[in-house]
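Biologist: I would like to learn how to read a structural model. Can we go through one together?

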Amino acid sequence: MTAPFSWIRPEPHGVHIVPADVWIDPSRAVDTALVTHGHADHARGGHGKTVATTETLAIMELRYNTREGATPVEYGETIRLSGGVDATYVPAGHVLGSAQILLEHAGERVVITGDYKRRPDPTCPPFQVTPCDIFITEATFGLPLFTHPPIEDEMAKLLGRLEAHPDACVLVGAYALGKAQRVIAELRAAGHRQPIYLHGAMEKMCRLYEEFGVDLGELRLVSNHEKDDMRGHVVVCPPSALNDRWSRRLPDPITAMASGWMRVRQRARQRNVELPLVISDHADWNELTRTIEEVNPHETWITHGREEALLRWHQLHQRRARALALVGYEDEDD
């Protein structure tokens with residue numbers, strides 16, 4: 001008799017689905033990869049076959065020039081893998097195209113979340129709670145100190161600073177995939193209708209989001225405009241450009257950074273950030289624990305992040321959990 005869940009094995013470079021010989025978010029090239037989303041710590045080129053949502057495949061083609069072997073799957077669609085394994089892609093609410101993967105085999109259900117958040121996001125479908133036997137979760141913000149404020153409050157801070165300094169601009173550092181588009185979309189939701197200026201590195205991804213129906217309003221490239229044109233406006237750039245020579249072309253920029261890590265004051269000081277914006281595309285502590293309670297798995301596997309506190313929470317709540325030693329997973333997207 002086969003031992004329970006012997007068909008799924010966490011390895012250092014990814015989760016291996018043994019009967020089908022496929023891998024979830026592998027950090028090295030494999031014959032067949034099931035990819036949850038397009039961030040570099042989960043997606044890469046070189047696979048023989050890549051199964052992902054249509055949006056994620058488009059992101060991967062743009063970022064990593066991948067095209068060969070791309071196999072699209074839609075949310076809610078179940079595909080049959082070899083070895084009697086079914087895989088269903090379910091919204092994760094992280095970034096455009098992000099998905100959890102529900103795996104079913106021998107009467108057992110495993111959900112691999114990739115990265116996820118529970119807050120509403122105008123740029124992607126919301127996280128969908130999916131009951132299972134084993135729940136494989138991230139723990140990027142797996143400490144009780146991490147509680148993300150309402151994004152409406154952070155947008156109000158940004159717009160308030162802009163209104164108070166009409167001769168300056170607010171320069172927001174945000175990662176090019178997911179965070180930048182969410183900040184822009186949330187500004188629009190807050191009623192900001194003015195043009196938003198972009199660092200050149202942000203343009204292609206923003207245009208891709210628009211191709212998939214995400215309305216970002218009027219966007220302008222910094223390189224096409226004079227310094228005075230940008231007074232009283234929001235400018236979005238990669239975090240690496242916040243204090244780069246590039247920013248000297250801007251009118252008295254007030255530096256801001258959109259990240260869940262802005263909850264930690266030392267991180268804001270290290271980046272010389274004047275306006276920390278606590279905006280995350282990951283679940284905070286309360287959302288992580290609430291999600292586990294709602295999914296109610298027999299056991300939780302924690303892939304990366306702050307495992308110790310979440311493991312302790314499971315002990316206190318008489319729930320089974322283990323930490324996985326996967327390599328290559330970072331907070332690049334937050």
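Modeller: We will take helices, cores, backbone angles and salt bridges in turn. This is a predicted model, in which local features need pLDDT of at least 70 and side-chain atom pairs count only at pLDDT 80 or more, while totals for chains, interfaces and linings use all residues. Residues are numbered from 1 along each chain as its sequence is written, and side-chain values use heavy atoms, with hydrogens and water left out.

Biologist: How many residues does helix α2 have, and what span does it reach?

Modeller: Helices (H or I, at least four residues) and strands (E, at least two) are DSSP runs, numbered from the N terminus. The expected span of a helix is 1.5 Å times one less than its number of residues. Helix α2 covers residues 151–164, 14 residues in total, and its first and last C-alpha atoms are 20 Å apart, close to the expected 20 Å.

Biologist: Which residues of α2 are buried?

Modeller: Buried means under 20% relative accessible area, exposed over 50%, and partly exposed in between (1.4 Å probe, protein chains only). In α2 the buried residues are I151, E154, M155, L158 and L162. Viewed down the axis of α2, these fall within an arc of 100°, so they line one face of the helix. The arc is that of the directions from the helix axis to the C-beta atoms. On the face turned away from the buried side, α2 carries the exposed residues E152, A156, E163 and A164.

Biologist: What covers the buried residues of α2?

Modeller: Contact means heavy atoms within 4.5 Å. The cover includes strands β12 (169–173), β15 (234–237) and β17 (275–277), together with helix α3 (179–189).

Biologist: How many residues of α3 are buried?

Modeller: Ten of its eleven residues are buried, so α3 is mostly covered. Among them are K179, R182, E186 and R188. Q181 is also found in α3, and its relative accessible area is 0%. A polar atom of the Q181 side chain lies 2.7 Å from the backbone nitrogen of G178. Leaving out residues up to four places away in sequence, Q181 touches T123, A176, M205, C206, Y209 and L216.

Biologist: Which residues have the most contacts inside the largest nonpolar core?

Modeller: In soluble globular proteins, nonpolar side chains tend to be buried together. A nonpolar core is a set of buried Ala, Val, Leu, Ile, Met, Phe, Trp, Tyr and Cys residues joined through side-chain atoms within 4.5 Å. The largest one here has 36 residues, and V172 and V236 have the most contacts inside it. Helix α3 gives the most to this core, with five residues. Not counting residues up to four places away in sequence, V172 touches several residues, including L158, V183, V236 and L277. A second, separate core of 26 residues includes W7, A99, V110 and I136.

Biologist: Where does the backbone take a positive phi in a residue other than glycine?

Modeller: D25 has a phi near 45°, and A106 has one near 55°. D25 lies in the loop between β3 (22–24) and β4 (32–34), and is buried at 3% relative accessible area. A106 sits in the loop between β9 (99–105) and β10 (108–112), and is exposed at 64%.

Biologist: How many salt bridges does a search of the whole structure find?

Modeller: Side chains of opposite charge can pair when their charged atoms come close. A salt bridge is a side-chain nitrogen of Lys or Arg within 4 Å of a carboxyl oxygen of Asp or Glu. The search finds 18 of them. One joins D86 and R80, with the closest N and O atoms 2.3 Å apart; D86 is buried at 18%, whereas R80 is exposed at 61%.

Terms used
A polar contact is a pair of N or O atoms within 3.5 Å; within protein, one must be able to donate a hydrogen and the other to accept it, and residues adjacent in sequence count only if both atoms are side-chain atoms.
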